[in-house]
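Got the model open and want to know what sits where? Let's go through it together.

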Amino acid sequence: MSNNLDKTVTISIVTYNSQYVFKTLDSIKATVLGQYPVKVLVHDNGSTPEYLAQLKAYAADDVEIIEDQENLGFGHGHNANLKLTASDYFLICNPDIILNQNAFEQMYRILADQDANDSLGMLTPKIVGPDGTTQHLVRRKLDVFDYMLRFVPFKWVKKLFEKRLAAYECRDLTDRRQVIQYGSGAFMFTRTDVIRAIDGFDERFFMYFEDNDLCDRINQSGHTILYVPDAVVTHFYGMASHRSFKGFKIFLKSMAQYFNKWGWRFF
């Protein structure tokens with residue numbers, strides 16, 4: 001393995017009153033900043049003045065806080081950060097991720113060791129909850145039935161379709177590095193040139209499905225997405241769509257936008 005550790009990285013975070021973002025920034029500061037050529041861009045989507053004041057306390061030479069006056073969505077915030085960066089790599093990181101040095105370096109070295117003309121465009125780690133349980137966020141295919149099945153409150157229905165749900169959530173993924181179709185927007189370690197060439201996120205998606213759409217366009221551009229299970233990050237995973245009617249409405253709207261764009265697949 002080479003010692004090519006001079007490639008620059010922008011860690012892009014978009015937040016809207018997320019209380020976990022301070023833990024995220026603490027983890028990045030403790031494990032990455034000062035040890036790698038990394039700059040953090042935090043795009044705030046119009047949070048409260050009190051929250052913003054707390055966030056600004058993290059501002060430094062390698063941490064920039066960008067204030068927006070309104071919440072225009074997850075993709076908009078990351079695209080705004082993308083326009084500000086000239087780094088080699090662009091790491092899309094949720095404001096509820098706990099990063100560690102091993103995970104960062106594993107993925108960083110994979111990208112740094114590849115040739116400029118390699119097809120690899122994005123890496124995604126194994127994502128676990130605070131208790132260490134794997135969050136099954138990798139997907140092989142997307143369809144309406146499997147998405148809606150996850151919202152059914154009746155355990156007997158989920159039991160009936162247990163094998164189908166397991167296949168949808170890729171629970172059979174082995175612990176080896178492998179090319180996948182869809183990784184989670186919670187943590188996407190991308191090549192800046194690849195994501196910039198496809199114009200970043202489609203901002204018509206306010207929230208939900210924008211990561212699936214991005215993966216589709218990375219694949220469509222001839223690049224690949226690599227799952228790196230030996231890189232493990234922790235995700236608090238808010239599940240807003242499951243906890244509020246407003247979140248569920250946004251989810252349904254984004255789902256319709258996604259399948260209108262890429263073609264409806266019901267099963």
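This is a predicted model: local features need pLDDT of at least 70, side-chain atom pairs count only at pLDDT 80 or more; totals for chains, interfaces and linings use all residues.

Residues are numbered from 1 along each chain as its sequence is written, and side-chain values use heavy atoms, with hydrogens and water left out.

Q: How many of the 11 residues of helix H3 are buried?
A: Helices here are DSSP runs (H or I, at least four residues), strands are too (E, at least two), and both are numbered from the N terminus. Buried means under 20% relative accessible area, with exposed over 50% and partly exposed in between (1.4 Å probe, protein chains only). H3 covers residues 74–84 and is largely enclosed by the rest of the structure, because the buried count is 8 of the 11.

Q: Which strands are among the elements that cover the buried residues of H3?
A: The residues being covered are Phe74, Gly75, His76, Gly77, His78, Asn79, Asn81 and Leu82. Their cover includes helices H8 (192–197) and H9 (210–220). The strands in that cover include S1 (9–15), S2 (38–45), S3 (63–68) and S4 (89–93).

Q: Which residue in S8 is the bridge partner of Phe90?
A: Two strands pair if DSSP finds at least two bridges between them. S4 and S8 run antiparallel and are joined by 5 bridges. In S8, Phe90 is partnered with Thr190.

Q: Which residue in S8 does Leu123 stand opposite?
A: Strand S6 (residues 120–128) pairs with S8 over 2 bridges, in the antiparallel sense. Leu123 stands opposite Phe189.

Q: Which residues does Phe104 touch, not counting those up to four places away in sequence?
A: Phe104 sits in helix H4 (residues 101–113) and is buried, with a relative accessible area of 0%. Contact means heavy atoms within 4.5 Å. By that test, Phe104 touches Val9, Val32, Tyr36, Val38, Leu91, Leu99 and Phe189.

Q: What separates the C-alpha atoms of Phe104 and Tyr36?
A: These two are 68 residues apart along the chain. Their C-alpha atoms are separated by 9.8 Å.
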